[in-house]
Amino acid sequence: MSDSETIAAGYAFTGPALDLGALLWDGACLPDAQIRIPLPMLNRHGLVAGATGTGKTKTLQLIAEQLSAQGVPVFLADVKGDVSGISAPGAANDKVAGRAAEVKQQWTATGFPAEFYALGGIGHGIPVRATITGFGPVLLSKVLQLNQTQEQSLGLIFHYADTKGLELIDLKDLRAVVTFLTSDEGKTELKNIGGLSTATAGVILRSLTAFEAQGMADFFGEPDFDTSELLRTASDGRGMVSVLELPAVQDKPQLFSTFLMWMLADLFHDLPEVGDADKPKLVFFFDEAHLLFNDASKAFLDSITQTVRLIRSKGVGVFFVTQTPKDVPGDVLAQLGNRVQHALRAFTPDDQKALKATVKTFPNSSYDLEEILTGLGTGEAVVTVLSENGAPTPVAVTRLRAPESLMGPIDAATLDAAVKSSSLYGRYAQAVDRESAYEKLTSRPQEVQETPKTAAKSAPKSAKEDESMVQQVVGSGMFKSLARSVGTQIGREITRSLFGTARRKR
């Protein structure tokens, strides 16, 4: 048996599988040698990597389409704003027809059921928000760029709020709690929280104030997004493709990458164990994955590693999307069984080093991968996946199929119409500001003409003015009475898990 026949035999699966494309060997495309991924292996996670412009987004689109067609819901983070086309039929042209003929693909223009979301409602989609309580201290520390000591201190503040029934819905709630703990009245409470100094609490307070001044308040609040929405199927049985629009927050990489991790952690907490299922409950594509790991604390990296390791048994597959495998920590990379590696550049010494490191992450093969990876064309990739028995398949240089949906964004009017016609729009579109920690900590006697809650609804205040008002209220007799009752009430601590995120009560 020749080398090419051995490779092709490694992908001749008997059960349901996704079709990626056809084998490339000695510069020729072999249409009868189909390269595929077994459907049950999609929850064994994966990596889609490659330099900018090599076709990673189209690969995501291709995989997402086939998952949807087989009844598997998909989550896609749309960083560049060009994934919305998955909801519309593709445009036939000579280029598409030529690719389809080369790889023996029966191409049919097809749109797939999709829901469109926007982080914090900034963009066209259904707003995705999280409460501060639900988001948790570890993820929030990543967003605030706190150091390890400050992260641990923020965890103690969350613990205090949890046990005292001070629900943290939005940023002003957390700021009010920290302001109280650093006040004369609250310092007694602060002493009861082991290891939390006044100075560190002050640093956290300043970080929150600066964070809010940058316009970050919109991302936190209610109604908080129920991540089980991502598990839905359409009426025709196809999996729903959930597209999170991110172009409007591209300048906030720490925020959107951490929000994606919150969504994954929230799913992990709530889903039951299913073991090895016939197909995944959800496949989650984590785009711009390097942003998640940059400057991450050890606690954060440990939580990511544990989430990825354990969420497989709950039927969720995670694909990290980035430029090179070295962007992903080794403990995480070791768990990514399916690999689609697009072309890499080797223009600089750092590029050369990354290329050699990438080659070492692949099984031994008949290819000269250093040469192959720098010479791949757009829409071509080096592939290895897990076979039906869980063993790695032979490395296969592959010419990928063309997506059947629109390879580009749909127009804004069509997108807006799709969002407003969604059954989820009425549930999440309008922000709600109910009584929470801020209102409890700033309540005043009835005879005062304007309550803090009313003031909050009036003309916007600067973060500094708002902080000053909280400090004034902290000194009031009414507040001191409340503080004493809060300090002595029976705690009702929130149950937290990985990343310190709160378990959702359904």
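This is a predicted model: local features need pLDDT of at least 70, side-chain atom pairs count only at pLDDT 80 or more; totals for chains, interfaces and linings use all residues.
Good morning. P223 lies in the loop that joins α9 and β7 (241–245); helices here (H or I, at least four residues) and strands (E, at least two) are DSSP runs, numbered from the N terminus. The peptide bond that leads from E222 into P223 is cis, with omega near 0 degrees.

Residues are numbered from 1 along each chain as its sequence is written, and side-chain values use heavy atoms, with hydrogens and water left out.

H45 sits in the loop between β2 (28–38) and β3 (46–49). As background, most residues other than glycine have a negative phi, and most peptide bonds are trans.

I turn now to helix packing. Axes are lines fitted to C-alpha atoms, for helices over the stretch in contact, and angles run from 0 to 180 degrees between N-to-C directions.

How do α7 (residues 171–181) and α9 (residues 198–213) cross? Their axes come within 10 Å and cross at roughly 155 degrees. The two helices are therefore roughly antiparallel to each other; angles over 145 degrees count as roughly antiparallel, under 35 as roughly parallel, 65 to 115 as roughly perpendicular, and the rest as oblique. The crossing of α7 over α9 is left-handed, a term used if the near helix is turned anticlockwise from the far one by less than a right angle, with right-handed used if clockwise. On the α7 side, the residues in contact (heavy atoms within 4.5 Å) include L171, K172 and L174, and they meet residues of α9 including A201, L205 and L208. By class, this contact has seven nonpolar, two polar and three charged residues. Ala, Val, Leu, Ile, Met, Phe, Trp, Tyr, Cys and Pro count as nonpolar, Asp, Glu, Lys and Arg as charged, and the others, Gly among them, as polar.

The next pair is α5 (residues 137–144) and α6 (residues 148–163), whose axes come within 9 Å and cross at roughly 135 degrees. They are therefore oblique to each other, and α5 passes α6 in a right-handed crossing. P137, V138, L140 and S141 of α5 make this contact with E151, L154, G155 and F158 of α6. Five of these residues are nonpolar, two polar and one charged.

In the last pair, α10 (residues 253–270) and α12 (residues 298–311) pack at about 50 degrees, their axes 11 Å apart. These helices, too, are therefore oblique to each other, and their crossing is left-handed. M261, L264 and F268 of α10 touch F300, I304, T307, L310 and I311 of α12. Here the classes are seven nonpolar, one polar and no charged.

Finally, how many cavities of 30 Å³ or more does a search of the whole structure find? It finds one. On a 1 Å grid over the protein atoms alone, a cavity is a set of points where a 1.4 Å probe fits but cannot get out, and lining residues have an atom within 4 Å of a point. The largest cavity holds about 40 Å³ of space, a volume being the space filled by probe spheres set on the points, which are joined across faces, edges and corners. Its lining consists of T57, L60, A77, D78, V79, K80, D82, V83 and D287. Both α2 (56–69) and β4 (74–78) supply at least two residues each to that lining. By class, the lining has four nonpolar, one polar and four charged residues. Thank you.

Key:
On a 1 Å grid over the protein atoms alone, a cavity is a set of points where a 1.4 Å probe fits but cannot get out, and a pocket is an open set with protein on both sides within 12 Å along at least five of seven lines; lining residues have an atom within 4 Å of a point.
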